[in-house]
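This report describes the structure shown below, with attention to its helices, its interface and its salt bridges.

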Amino acid sequence: MMVKSYDFDWNVVTSNFPRLLEGLGVTIQITLIVIVLSMILAVPVALMRMSNIDIVRWVAQGYIELFRCTPLLVQLFWVYYALPTLTGITIPGFISAVIALTANLTAFMAEALRSGFQAVPVEQIEAGKMLRLSSWQRVRYIIIPQALRQQLPVILSLNISLFKDTALVSTIAVADLMFTANKIASESYRALEILTTAALMYFVIAFPVSLILSRIERNMMNQGPSGTAGPNLLSRMVPGLKVKAAA
Amino acid sequence: MSQLTNTGSRRRVEPASSTITASHGEILVSARGLQKSFNDRMILKNVDFDMLAGDITVIIGKSGSGKSTLLRALAGLTDPDAGRIVFDGKVVFEDEERTDDWRDVESHVGMVFQTYTLWPHMDVLANLTLAPRKRLGLSAAEAKERAEVALAEVGMSQHLRSRPSQLSGGERQRVAIARALMMRPKLLLCDEITSALDPPVAAEVLEVLRRLKQEEGIAVALVTHDMAFASKAADRVVFFHEGEIAVNATPDEAFNRSTNPELKKFVDAVRF
Ligand SMILES: Nc1ncnc2c1ncn2[C@@H]1O[C@H](COP(=O)(O)OP(=O)(O)OP(=O)(O)O)[C@@H](O)[C@H]1O
Ligand SMILES: [Mg+2]
(Lines give C-alpha, C1' and ligand atoms only; values in the text may rest on other atoms or scores of the structure.)
(Ligands and ions follow the chains in the order given, each with its own letter.)
Protein backbone atom coordinates (compact mmCIF):
# COMPACT_ATOMS: atom_id res chain seq x y z
CA MET A 1 0.00 0.00 0.00
CA MET A 2 1.23 3.44 -0.90
CA VAL A 3 1.42 6.19 1.63
CA LYS A 4 1.54 9.57 0.06
CA SER A 5 4.71 11.33 1.12
CA TYR A 6 3.99 14.54 2.94
CA ASP A 7 6.29 17.21 4.30
CA PHE A 8 5.10 18.12 7.74
CA ASP A 9 5.36 21.78 8.61
CA TRP A 10 4.98 22.19 12.33
CA ASN A 11 5.99 25.85 12.16
CA VAL A 12 2.48 26.68 11.15
CA VAL A 13 1.36 25.16 14.42
CA THR A 14 3.85 27.05 16.58
CA SER A 15 3.15 30.35 14.93
CA ASN A 16 -0.60 29.91 15.25
CA PHE A 17 -0.59 28.30 18.67
CA PRO A 18 -1.65 31.47 20.53
CA ARG A 19 -4.73 31.70 18.29
CA LEU A 20 -5.53 28.06 18.92
CA LEU A 21 -5.18 28.64 22.65
CA GLU A 22 -7.54 31.56 22.39
CA GLY A 23 -10.02 29.30 20.64
CA LEU A 24 -9.59 26.71 23.34
CA GLY A 25 -10.29 29.46 25.87
CA VAL A 26 -13.64 30.14 24.21
CA THR A 27 -14.42 26.41 24.10
CA ILE A 28 -13.69 26.04 27.80
CA GLN A 29 -15.62 29.17 28.62
CA ILE A 30 -18.71 27.90 26.82
CA THR A 31 -18.33 24.48 28.43
CA LEU A 32 -18.11 25.85 31.95
CA ILE A 33 -20.97 28.30 31.57
CA VAL A 34 -23.19 25.60 30.09
CA ILE A 35 -22.29 23.04 32.79
CA VAL A 36 -23.03 25.45 35.62
CA LEU A 37 -26.32 26.63 34.11
CA SER A 38 -27.44 23.09 33.30
CA MET A 39 -26.63 21.76 36.74
CA ILE A 40 -28.79 24.47 38.28
CA LEU A 41 -31.65 24.24 35.79
CA ALA A 42 -31.69 20.44 35.81
CA VAL A 43 -32.80 20.40 39.46
CA PRO A 44 -36.21 22.01 38.90
CA VAL A 45 -36.68 20.10 35.65
CA ALA A 46 -35.95 16.80 37.38
CA LEU A 47 -38.33 17.69 40.21
CA MET A 48 -41.01 18.68 37.70
CA ARG A 49 -40.46 15.42 35.87
CA MET A 50 -41.34 13.63 39.14
CA SER A 51 -44.28 15.87 40.03
CA ASN A 52 -47.64 14.46 41.01
CA ILE A 53 -49.30 17.12 38.91
CA ASP A 54 -49.80 15.68 35.45
CA ILE A 55 -49.39 18.92 33.50
CA VAL A 56 -46.15 19.81 35.24
CA ARG A 57 -44.77 16.35 34.64
CA TRP A 58 -45.81 16.35 30.99
CA VAL A 59 -44.19 19.71 30.34
CA ALA A 60 -40.91 18.50 31.81
CA GLN A 61 -41.12 15.21 29.98
CA GLY A 62 -41.97 16.92 26.68
CA TYR A 63 -39.00 19.23 27.06
CA ILE A 64 -36.63 16.39 27.86
CA GLU A 65 -37.78 14.21 24.98
CA LEU A 66 -37.69 17.10 22.54
CA PHE A 67 -34.05 17.74 23.25
CA ARG A 68 -33.05 14.11 23.51
CA CYS A 69 -34.66 13.13 20.23
CA THR A 70 -33.46 15.90 17.94
CA PRO A 71 -29.89 16.51 16.77
CA LEU A 72 -27.91 19.05 18.71
CA LEU A 73 -26.88 20.71 15.46
CA VAL A 74 -30.52 21.30 14.58
CA GLN A 75 -31.14 22.76 18.04
CA LEU A 76 -28.15 25.05 17.61
CA PHE A 77 -29.25 26.23 14.18
CA TRP A 78 -32.80 26.63 15.38
CA VAL A 79 -31.77 28.97 18.18
CA TYR A 80 -29.37 30.88 15.94
CA TYR A 81 -31.37 31.14 12.71
CA ALA A 82 -35.00 30.28 13.46
CA LEU A 83 -35.60 31.83 16.85
CA PRO A 84 -34.77 35.40 15.68
CA THR A 85 -37.35 35.00 12.92
CA LEU A 86 -39.91 34.15 15.57
CA THR A 87 -38.96 36.80 18.10
CA GLY A 88 -37.46 39.49 15.91
CA ILE A 89 -34.44 39.62 18.20
CA THR A 90 -31.07 38.64 16.79
CA ILE A 91 -28.96 36.71 19.26
CA PRO A 92 -25.18 36.74 18.95
CA GLY A 93 -23.54 33.41 18.13
CA PHE A 94 -21.96 32.98 21.56
CA ILE A 95 -25.26 33.51 23.35
CA SER A 96 -27.10 31.26 20.91
CA ALA A 97 -24.50 28.58 21.52
CA VAL A 98 -24.90 28.87 25.29
CA ILE A 99 -28.70 28.78 25.05
CA ALA A 100 -28.83 25.76 22.76
CA LEU A 101 -26.16 23.77 24.56
CA THR A 102 -27.65 24.57 27.97
CA ALA A 103 -31.13 23.57 26.88
CA ASN A 104 -29.70 20.35 25.51
CA LEU A 105 -27.48 19.43 28.46
CA THR A 106 -30.19 20.35 30.96
CA ALA A 107 -32.48 17.74 29.42
CA PHE A 108 -29.88 14.99 29.80
CA MET A 109 -28.75 16.21 33.21
CA ALA A 110 -32.33 16.29 34.46
CA GLU A 111 -32.78 12.65 33.53
CA ALA A 112 -29.57 11.75 35.35
CA LEU A 113 -30.67 13.68 38.41
CA ARG A 114 -34.10 12.14 38.31
CA SER A 115 -32.73 8.63 38.52
CA GLY A 116 -30.41 9.80 41.29
CA PHE A 117 -33.36 11.34 43.14
CA GLN A 118 -35.39 8.19 42.79
CA ALA A 119 -32.57 6.06 44.16
CA VAL A 120 -32.80 7.80 47.54
CA PRO A 121 -34.95 5.54 49.75
CA VAL A 122 -38.28 7.14 50.49
CA GLU A 123 -37.92 6.44 54.22
CA GLN A 124 -34.82 8.63 54.32
CA ILE A 125 -36.93 11.48 52.99
CA GLU A 126 -39.79 10.71 55.34
CA ALA A 127 -37.33 10.76 58.22
CA GLY A 128 -36.47 14.28 57.12
CA LYS A 129 -40.13 15.13 57.03
CA MET A 130 -40.58 13.78 60.56
CA LEU A 131 -37.74 16.05 61.66
CA ARG A 132 -39.78 18.88 60.14
CA LEU A 133 -37.35 19.76 57.40
CA SER A 134 -39.17 21.70 54.68
CA SER A 135 -39.54 20.12 51.27
CA TRP A 136 -36.80 22.29 49.85
CA GLN A 137 -34.51 21.40 52.77
CA ARG A 138 -35.15 17.72 52.14
CA VAL A 139 -34.25 18.17 48.49
CA ARG A 140 -31.24 20.31 49.26
CA TYR A 141 -29.66 18.35 52.12
CA ILE A 142 -30.87 14.78 51.69
CA ILE A 143 -31.71 14.18 48.05
CA ILE A 144 -29.36 16.29 45.94
CA PRO A 145 -26.06 15.34 47.62
CA GLN A 146 -26.84 11.64 47.31
CA ALA A 147 -28.17 11.96 43.78
CA LEU A 148 -25.07 13.85 42.65
CA ARG A 149 -22.81 11.28 44.22
CA GLN A 150 -24.70 8.39 42.73
CA GLN A 151 -24.91 9.96 39.28
CA LEU A 152 -21.41 11.42 39.25
CA PRO A 153 -20.17 9.06 36.51
CA VAL A 154 -23.13 9.92 34.29
CA ILE A 155 -22.76 13.62 34.97
CA LEU A 156 -19.04 13.56 34.21
CA SER A 157 -19.51 11.72 30.97
CA LEU A 158 -22.26 14.12 29.94
CA ASN A 159 -19.81 16.92 30.62
CA ILE A 160 -17.09 15.30 28.53
CA SER A 161 -19.57 14.90 25.68
CA LEU A 162 -20.61 18.51 26.00
CA PHE A 163 -16.99 19.65 25.88
CA LYS A 164 -16.49 17.80 22.59
CA ASP A 165 -19.87 18.81 21.21
CA THR A 166 -19.04 22.48 21.64
CA ALA A 167 -17.11 22.05 18.39
CA LEU A 168 -20.50 22.33 16.69
CA VAL A 169 -20.71 25.99 17.63
CA SER A 170 -18.03 26.67 15.02
CA THR A 171 -20.84 26.28 12.48
CA ILE A 172 -22.52 29.43 13.76
CA ALA A 173 -19.33 31.49 13.61
CA VAL A 174 -18.40 31.31 17.28
CA ALA A 175 -14.60 31.55 17.45
CA ASP A 176 -14.02 28.42 19.48
CA LEU A 177 -11.13 25.99 19.08
CA MET A 178 -12.72 24.19 16.14
CA PHE A 179 -13.64 27.40 14.33
CA THR A 180 -10.16 28.82 14.81
CA ALA A 181 -8.47 25.60 13.74
CA ASN A 182 -10.62 25.39 10.66
CA LYS A 183 -9.84 28.97 9.75
CA ILE A 184 -6.10 28.56 10.19
CA ALA A 185 -6.22 25.31 8.26
CA SER A 186 -7.86 26.92 5.24
CA GLU A 187 -5.60 29.96 5.38
CA SER A 188 -2.42 27.93 5.57
CA TYR A 189 -3.45 24.82 3.63
CA ARG A 190 -2.07 22.85 6.59
CA ALA A 191 -5.18 21.02 7.68
CA LEU A 192 -3.29 17.92 8.80
CA GLU A 193 -1.01 19.70 11.27
CA ILE A 194 -3.60 22.13 12.53
CA LEU A 195 -6.48 19.71 12.93
CA THR A 196 -4.23 17.12 14.56
CA THR A 197 -3.11 19.76 17.02
CA ALA A 198 -6.71 20.78 17.66
CA ALA A 199 -7.66 17.15 18.28
CA LEU A 200 -4.76 16.82 20.72
CA MET A 201 -5.88 19.94 22.53
CA TYR A 202 -9.39 18.54 22.99
CA PHE A 203 -7.86 15.25 24.09
CA VAL A 204 -5.54 16.81 26.67
CA ILE A 205 -8.52 18.36 28.42
CA ALA A 206 -10.98 15.49 28.13
CA PHE A 207 -8.68 12.58 28.85
CA PRO A 208 -7.85 13.41 32.49
CA VAL A 209 -11.55 13.86 33.21
CA SER A 210 -12.18 10.53 31.54
CA LEU A 211 -9.50 8.93 33.75
CA ILE A 212 -11.09 10.41 36.86
CA LEU A 213 -14.41 9.07 35.64
CA SER A 214 -13.14 5.50 35.34
CA ARG A 215 -11.53 5.75 38.71
CA ILE A 216 -14.79 6.88 40.32
CA GLU A 217 -16.66 4.10 38.55
CA ARG A 218 -14.16 1.57 39.84
CA ASN A 219 -14.47 2.89 43.39
CA MET A 220 -18.24 2.76 43.22
CA MET A 221 -18.05 -0.78 41.96
CA ASN A 222 -15.89 -1.74 44.94
CA GLN A 223 -17.80 0.13 47.58
CA GLY A 224 -21.32 -0.35 46.37
CA PRO A 225 -23.86 2.43 46.50
CA SER A 226 -22.92 5.32 48.74
CA GLY A 227 -23.14 4.59 52.41
CA THR A 228 -23.98 0.93 52.25
CA ALA A 229 -21.08 -1.27 53.04
CA GLY A 230 -20.23 -4.24 50.90
CA PRO A 231 -20.26 -4.94 47.19
CA ASN A 232 -23.15 -3.82 45.07
CA LEU A 233 -25.47 -6.06 43.16
CA LEU A 234 -23.44 -6.09 39.97
CA SER A 235 -20.20 -7.12 41.60
CA ARG A 236 -22.01 -9.75 43.61
CA MET A 237 -23.49 -11.26 40.47
CA VAL A 238 -20.17 -11.12 38.63
CA PRO A 239 -17.63 -12.12 41.25
CA GLY A 240 -14.60 -11.76 38.96
CA LEU A 241 -15.43 -8.13 38.38
CA LYS A 242 -14.45 -6.98 41.82
CA VAL A 243 -11.05 -8.62 41.73
CA LYS A 244 -10.29 -7.21 38.32
CA ALA A 245 -11.50 -3.76 39.29
CA ALA A 246 -9.37 -3.74 42.41
CA ALA A 247 -6.21 -4.61 40.46
CA MET B 1 -55.96 39.21 63.67
CA SER B 2 -55.31 35.75 64.92
CA GLN B 3 -51.98 36.02 63.11
CA LEU B 4 -50.89 38.65 65.61
CA THR B 5 -51.96 36.90 68.74
CA ASN B 6 -50.75 33.53 67.55
CA THR B 7 -47.29 32.66 68.77
CA GLY B 8 -46.86 30.13 66.02
CA SER B 9 -43.95 31.90 64.37
CA ARG B 10 -42.00 32.06 67.61
CA ARG B 11 -42.60 28.42 68.27
CA ARG B 12 -41.17 27.52 64.94
CA VAL B 13 -37.87 28.96 66.00
CA GLU B 14 -37.79 27.06 69.27
CA PRO B 15 -40.71 24.80 69.97
CA ALA B 16 -40.81 25.08 73.71
CA SER B 17 -41.88 21.92 75.42
CA SER B 18 -44.38 24.07 77.27
CA THR B 19 -46.70 23.82 74.29
CA ILE B 20 -47.48 20.29 75.42
CA THR B 21 -49.38 20.40 78.65
CA ALA B 22 -50.46 16.80 79.12
CA SER B 23 -48.59 15.39 82.07
CA HIS B 24 -47.98 11.76 82.83
CA GLY B 25 -51.18 9.75 82.87
CA GLU B 26 -53.21 12.32 80.96
CA ILE B 27 -54.40 11.77 77.43
CA LEU B 28 -51.75 12.84 74.93
CA VAL B 29 -53.18 11.54 71.68
CA SER B 30 -56.66 10.54 70.90
CA ALA B 31 -57.93 9.35 67.54
CA ARG B 32 -61.59 8.79 66.75
CA GLY B 33 -63.15 7.00 63.82
CA LEU B 34 -60.03 6.89 61.69
CA GLN B 35 -60.59 5.40 58.27
CA LYS B 36 -58.17 4.88 55.45
CA SER B 37 -58.46 3.05 52.17
CA PHE B 38 -55.82 2.24 49.60
CA ASN B 39 -57.11 1.29 46.17
CA ASP B 40 -60.63 0.71 47.47
CA ARG B 41 -59.35 -1.60 50.19
CA MET B 42 -60.19 -0.38 53.64
CA ILE B 43 -57.05 -0.60 55.74
CA LEU B 44 -58.22 1.36 58.77
CA LYS B 45 -61.90 0.65 59.31
CA ASN B 46 -62.95 2.63 62.31
CA VAL B 47 -60.07 3.10 64.66
CA ASP B 48 -60.42 4.70 68.06
CA PHE B 49 -57.08 5.00 69.75
CA ASP B 50 -55.91 6.77 72.89
CA MET B 51 -52.46 7.17 74.30
CA LEU B 52 -51.48 8.57 77.64
CA ALA B 53 -48.53 10.90 78.10
CA GLY B 54 -45.47 8.93 79.14
CA ASP B 55 -46.92 5.53 78.28
CA ILE B 56 -45.41 2.83 76.15
CA THR B 57 -48.08 1.44 73.87
CA VAL B 58 -47.16 -1.68 71.99
CA ILE B 59 -49.09 -2.30 68.80
CA ILE B 60 -49.24 -5.83 67.54
CA GLY B 61 -51.09 -7.55 64.75
CA LYS B 62 -50.72 -9.54 61.57
CA SER B 63 -48.92 -8.18 58.55
CA GLY B 64 -51.20 -5.88 56.58
CA SER B 65 -53.57 -5.27 59.47
CA GLY B 66 -52.94 -1.51 59.35
CA LYS B 67 -50.40 -0.92 62.12
CA SER B 68 -48.03 1.16 60.05
CA THR B 69 -50.91 3.06 58.53
CA LEU B 70 -52.06 4.12 61.99
CA LEU B 71 -48.58 5.25 62.98
CA ARG B 72 -48.20 7.15 59.73
CA ALA B 73 -51.53 8.85 60.29
CA LEU B 74 -50.41 9.94 63.76
CA ALA B 75 -47.08 11.06 62.32
CA GLY B 76 -48.64 13.20 59.63
CA LEU B 77 -47.17 11.12 56.82
CA THR B 78 -50.58 9.82 55.73
CA ASP B 79 -53.90 11.61 55.90
CA PRO B 80 -56.87 9.45 56.89
CA ASP B 81 -60.03 9.57 54.76
CA ALA B 82 -62.17 10.20 57.80
CA GLY B 83 -61.90 10.69 61.52
CA ARG B 84 -60.37 13.06 63.97
CA ILE B 85 -57.04 13.22 65.76
CA VAL B 86 -56.62 15.23 68.92
CA PHE B 87 -53.15 15.90 70.27
CA ASP B 88 -52.81 17.33 73.76
CA GLY B 89 -56.33 18.68 73.62
CA LYS B 90 -55.92 20.33 70.21
CA VAL B 91 -57.66 19.01 67.15
CA VAL B 92 -54.85 18.41 64.68
CA PHE B 93 -56.74 16.47 62.04
CA GLU B 94 -60.38 16.84 61.07
CA ASP B 95 -62.50 16.87 57.92
CA GLU B 96 -59.81 15.12 55.91
CA GLU B 97 -57.14 17.68 56.61
CA ARG B 98 -54.51 18.79 59.09
CA THR B 99 -55.57 21.83 61.09
CA ASP B 100 -53.43 24.86 61.85
CA ASP B 101 -52.77 23.46 65.30
CA TRP B 102 -50.94 20.56 63.70
CA ARG B 103 -48.14 22.96 62.79
CA ASP B 104 -47.62 23.72 66.48
CA VAL B 105 -47.77 20.11 67.50
CA GLU B 106 -45.94 18.27 64.74
CA SER B 107 -42.45 18.91 66.00
CA HIS B 108 -43.35 17.04 69.18
CA VAL B 109 -43.92 13.87 67.22
CA GLY B 110 -40.89 11.85 66.24
CA MET B 111 -40.65 8.67 64.24
CA VAL B 112 -38.12 5.88 63.83
CA PHE B 113 -38.51 3.53 60.89
CA GLN B 114 -37.98 -0.15 60.25
CA THR B 115 -35.36 0.44 57.58
CA TYR B 116 -32.19 2.33 58.35
CA THR B 117 -32.90 5.95 57.58
CA LEU B 118 -29.74 7.69 58.69
CA TRP B 119 -28.54 9.84 55.83
CA PRO B 120 -25.50 7.95 54.58
CA HIS B 121 -23.65 10.98 53.22
CA MET B 122 -23.47 12.65 56.63
CA ASP B 123 -21.72 11.57 59.80
CA VAL B 124 -23.67 10.96 63.00
CA LEU B 125 -23.22 14.52 64.23
CA ALA B 126 -24.52 15.99 60.98
CA ASN B 127 -27.44 13.57 60.97
CA LEU B 128 -28.42 14.75 64.42
CA THR B 129 -27.85 18.47 64.02
CA LEU B 130 -29.28 19.15 60.56
CA ALA B 131 -32.91 19.57 61.58
CA PRO B 132 -32.32 21.43 64.86
CA ARG B 133 -30.09 23.91 63.04
CA LYS B 134 -32.37 24.38 60.06
CA ARG B 135 -35.72 24.20 61.83
CA LEU B 136 -35.10 25.33 65.41
CA GLY B 137 -32.41 27.86 64.57
CA LEU B 138 -29.86 26.35 66.92
CA SER B 139 -26.25 27.37 66.40
CA ALA B 140 -23.74 24.70 65.44
CA ALA B 141 -22.38 24.70 68.99
CA GLU B 142 -25.80 24.47 70.62
CA ALA B 143 -26.83 21.70 68.26
CA LYS B 144 -23.64 19.78 68.95
CA GLU B 145 -24.17 20.06 72.67
CA ARG B 146 -27.69 18.74 72.26
CA ALA B 147 -26.38 15.93 70.04
CA GLU B 148 -23.91 14.87 72.71
CA VAL B 149 -26.69 14.62 75.25
CA ALA B 150 -28.93 12.69 72.87
CA LEU B 151 -26.16 10.25 71.95
CA ALA B 152 -25.33 9.70 75.59
CA GLU B 153 -28.95 8.87 76.17
CA VAL B 154 -28.82 6.02 73.67
CA GLY B 155 -25.33 4.95 74.67
CA MET B 156 -23.65 6.05 71.46
CA SER B 157 -21.43 8.88 72.67
CA GLN B 158 -18.29 7.51 71.12
CA HIS B 159 -19.81 7.59 67.64
CA LEU B 160 -20.28 11.33 67.14
CA ARG B 161 -18.04 11.33 64.09
CA SER B 162 -18.88 7.89 62.71
CA ARG B 163 -20.49 7.39 59.36
CA PRO B 164 -23.73 5.40 59.26
CA SER B 165 -21.99 2.77 57.11
CA GLN B 166 -19.54 2.16 59.95
CA LEU B 167 -22.32 1.32 62.41
CA SER B 168 -24.06 -1.98 63.07
CA GLY B 169 -27.81 -2.26 62.64
CA GLY B 170 -28.51 -1.84 66.33
CA GLU B 171 -26.20 1.15 66.53
CA ARG B 172 -27.90 2.74 63.54
CA GLN B 173 -31.30 2.41 65.16
CA ARG B 174 -30.01 3.87 68.40
CA VAL B 175 -28.61 6.84 66.50
CA ALA B 176 -31.93 7.15 64.67
CA ILE B 177 -33.65 7.36 68.05
CA ALA B 178 -31.14 9.99 69.16
CA ARG B 179 -31.83 11.94 65.98
CA ALA B 180 -35.54 11.93 66.76
CA LEU B 181 -34.77 13.06 70.34
CA MET B 182 -33.01 16.14 69.01
CA MET B 183 -36.41 17.71 68.31
CA ARG B 184 -37.52 16.99 71.91
CA PRO B 185 -40.53 14.85 71.02
CA LYS B 186 -43.33 14.06 73.42
CA LEU B 187 -44.43 11.15 71.30
CA LEU B 188 -42.08 8.74 69.58
CA LEU B 189 -43.54 6.47 66.94
CA CYS B 190 -41.47 3.35 66.29
CA ASP B 191 -42.43 1.08 63.42
CA GLU B 192 -40.77 -2.33 63.75
CA ILE B 193 -37.47 -0.67 64.52
CA THR B 194 -35.89 -3.90 65.70
CA SER B 195 -37.21 -6.39 63.20
CA ALA B 196 -33.93 -6.44 61.26
CA LEU B 197 -31.88 -7.04 64.41
CA ASP B 198 -30.76 -10.10 66.35
CA PRO B 199 -32.74 -10.59 69.56
CA PRO B 200 -30.03 -9.42 72.01
CA VAL B 201 -29.35 -6.32 69.92
CA ALA B 202 -33.07 -5.69 69.60
CA ALA B 203 -33.42 -5.93 73.36
CA GLU B 204 -30.75 -3.25 73.82
CA VAL B 205 -32.54 -0.90 71.45
CA LEU B 206 -35.89 -1.45 73.13
CA GLU B 207 -34.28 -0.90 76.52
CA VAL B 208 -33.39 2.58 75.29
CA LEU B 209 -37.09 3.27 74.72
CA ARG B 210 -37.94 2.15 78.21
CA ARG B 211 -35.32 4.47 79.65
CA LEU B 212 -36.64 7.37 77.59
CA LYS B 213 -40.08 6.81 78.96
CA GLN B 214 -38.82 6.62 82.53
CA GLU B 215 -36.33 9.48 82.39
CA GLU B 216 -37.86 11.83 79.85
CA GLY B 217 -41.52 10.95 80.09
CA ILE B 218 -41.68 10.40 76.36
CA ALA B 219 -44.68 8.43 75.16
CA VAL B 220 -43.76 5.63 72.80
CA ALA B 221 -45.98 3.88 70.29
CA LEU B 222 -44.14 0.81 69.18
CA VAL B 223 -45.08 -1.68 66.52
CA THR B 224 -43.19 -4.86 67.27
CA HIS B 225 -43.35 -8.63 67.21
CA ASP B 226 -41.30 -8.77 70.39
CA MET B 227 -43.81 -10.22 72.85
CA ALA B 228 -41.22 -10.40 75.61
CA PHE B 229 -40.73 -6.66 75.45
CA ALA B 230 -44.46 -6.08 75.13
CA SER B 231 -45.28 -8.03 78.27
CA LYS B 232 -42.40 -6.59 80.23
CA ALA B 233 -42.36 -2.90 79.27
CA ALA B 234 -45.69 -1.97 77.73
CA ASP B 235 -48.30 0.01 79.60
CA ARG B 236 -50.88 -0.87 76.97
CA VAL B 237 -51.04 -3.52 74.32
CA VAL B 238 -53.11 -2.80 71.25
CA PHE B 239 -53.99 -5.69 68.99
CA PHE B 240 -54.88 -4.81 65.42
CA HIS B 241 -57.03 -7.15 63.45
CA GLU B 242 -58.14 -6.39 59.91
CA GLY B 243 -58.02 -2.65 60.28
CA GLU B 244 -59.69 -2.51 63.64
CA ILE B 245 -58.45 -2.45 67.19
CA ALA B 246 -59.62 -5.79 68.51
CA VAL B 247 -57.98 -5.58 71.92
CA ASN B 248 -56.66 -2.64 73.91
CA ALA B 249 -55.54 -3.75 77.36
CA THR B 250 -52.69 -4.00 79.81
CA PRO B 251 -50.07 -6.61 78.86
CA ASP B 252 -51.28 -8.90 81.59
CA GLU B 253 -54.86 -8.75 80.39
CA ALA B 254 -53.89 -9.02 76.76
CA PHE B 255 -51.52 -11.95 77.07
CA ASN B 256 -52.95 -13.90 79.98
CA ARG B 257 -56.61 -13.15 80.23
CA SER B 258 -57.86 -12.11 76.85
CA THR B 259 -60.57 -14.24 75.37
CA ASN B 260 -60.14 -12.81 71.90
CA PRO B 261 -59.48 -15.85 69.71
CA GLU B 262 -57.59 -13.89 67.07
CA LEU B 263 -55.22 -12.47 69.65
CA LYS B 264 -54.60 -15.92 71.07
CA LYS B 265 -53.87 -17.30 67.63
CA PHE B 266 -51.56 -14.39 66.91
CA VAL B 267 -49.63 -14.64 70.15
CA ASP B 268 -49.18 -18.38 69.76
CA ALA B 269 -47.95 -17.91 66.21
CA VAL B 270 -45.43 -15.23 67.18
CA ARG B 271 -44.19 -16.92 70.30
CA PHE B 272 -42.56 -19.77 68.42
N1 LIG C 1 -49.23 3.96 50.24
C2 LIG C 1 -49.93 2.82 50.06
N3 LIG C 1 -50.50 2.56 48.87
C4 LIG C 1 -51.20 1.43 48.68
N5 LIG C 1 -51.38 0.50 49.61
C6 LIG C 1 -50.85 0.70 50.83
C7 LIG C 1 -50.10 1.87 51.10
N8 LIG C 1 -49.69 1.80 52.39
C9 LIG C 1 -50.17 0.63 52.88
N10 LIG C 1 -50.87 -0.02 51.95
C11 LIG C 1 -51.53 -1.31 52.14
O12 LIG C 1 -52.25 -1.26 53.33
C13 LIG C 1 -52.21 -2.51 53.99
C14 LIG C 1 -51.88 -2.33 55.43
O15 LIG C 1 -50.59 -1.81 55.51
P16 LIG C 1 -49.82 -1.51 56.85
O17 LIG C 1 -48.44 -1.19 56.42
O18 LIG C 1 -50.53 -0.52 57.65
O19 LIG C 1 -49.86 -2.89 57.59
P20 LIG C 1 -48.99 -3.38 58.82
O21 LIG C 1 -49.93 -3.85 59.83
O22 LIG C 1 -48.01 -2.35 59.21
O23 LIG C 1 -48.23 -4.61 58.20
P24 LIG C 1 -46.73 -5.11 58.41
O25 LIG C 1 -46.71 -5.88 59.70
O26 LIG C 1 -46.49 -5.98 57.25
O27 LIG C 1 -45.86 -3.92 58.44
C28 LIG C 1 -51.23 -3.36 53.24
O29 LIG C 1 -51.94 -4.33 52.53
C30 LIG C 1 -50.55 -2.42 52.31
O31 LIG C 1 -50.29 -3.05 51.08
MG1 LIG D 1 -45.91 -2.14 59.00
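## Overall fold of chain A

Along its sequence, chain A follows the pattern α-α-α-α-α-α-α-α-α-α. The model is a predicted one.

Of the 247 residues in chain A, 41% count as buried. Its accessible surface is about 13500 Å², and carbon and sulfur atoms account for 68% of that surface. Among the contacts in chain A with a separation of 6 or more, 72% are between residues 24 or more positions apart.

Helix α4 of chain A covers residues 93-118. Its 26 residues should span 38 Å at 1.5 Å a residue, and the end C-alpha atoms are 37 Å apart, which agrees. Of these 26 residues, 20 are buried, so α4(A) is largely enclosed by the rest of the structure.

Helix α6(A) presents another case: a straight helix of its 31 residues would reach 45 Å, but its end C-alpha atoms are only 36 Å apart. A bend of about 65° is found in α6(A) at Gln151(A), and the proline Pro153(A) follows within four residues.

## The interface of chains A and B

The contact involves 20 residues from chain A and 26 residues from chain B. Between the two chains an area of about 2100 Å² is buried, with 63% given by carbon and sulfur atoms. Met130(A), Leu131(A) and Arg132(A) supply 35% of the area that chain A buries against chain B, more than any other three residues.

Arg132(A) lies in the loop between α5 (122-130) and α6 (135-165) of chain A. Its phi is near 65°, a positive value in a residue other than glycine. With a relative accessible area of 10%, Arg132(A) is buried.

Two salt bridges are found across the interface of chain A and chain B. One salt bridge links Arg72(B) and Glu126(A), whose closest N and O atoms are 2.6 Å apart. This pair crosses between chains, from helix α3 (residues 67-75) of chain B to helix α5 of chain A. Arg72(B) is partly exposed, at a relative accessible area of 22%, whereas Glu126(A) is buried at 14%.

## Salt bridges within chain A

Over all chains, the structure holds 20 salt bridges. In one of them, the side chains of Arg57(A) and Asp54(A) meet at 2.9 Å, N to O. These two residues are three residues apart in helix α2 (residues 54-68) of chain A, and are therefore separated by about one helical turn. An α-helix has 3.6 residues a turn, so residues three or four places apart point the same way. Both partners are partly exposed: Arg57(A) has a relative accessible area of 23%, and Asp54(A) has one of 36%.

Glu111(A) and Arg68(A) form a salt bridge at 3.9 Å, N to O. Glu111(A) lies in helix α4 and Arg68(A) in helix α2 of chain A, so the pair ties together parts that are 43 residues apart in sequence. Glu111(A) counts as buried, at 13% relative accessibility, while Arg68(A) is partly exposed with a relative accessible area of 34%.

## A positive phi in chain B

Arg184(B) is found in the loop between α7 (169-181) and β8 (187-191) of chain B. The phi of Arg184(B) is near 55°, a positive value in a residue other than glycine. Arg184(B) is partly exposed, with a relative accessible area of 46%.

Conventions
Residues are numbered from 1 along each chain as its sequence is written. Chains are lettered from A and ligands numbered from 1 in the order in which they are written. This is a predicted model: local features need pLDDT of at least 70, side-chain atom pairs count only at pLDDT 80 or more; totals for chains, interfaces and linings use all residues. Side-chain values use heavy atoms; hydrogens and water are left out. Buried means under 20% relative accessible area, exposed over 50%, partly exposed in between (1.4 Å probe, protein chains only). Contact means heavy atoms within 4.5 Å. Accessible areas come from the Shrake-Rupley method with a 1.4 Å probe; for residues, only the protein chains shown count as cover. The expected span of a helix is 1.5 Å times one less than its number of residues. The bend at a residue is the angle between axes fitted to the seven residues ending there and the seven starting there. Buried area is the accessible area (1.4 Å probe) that two parts lose on being put together, summed over both. A salt bridge is a side-chain nitrogen of Lys or Arg within 4 Å of a carboxyl oxygen of Asp or Glu.
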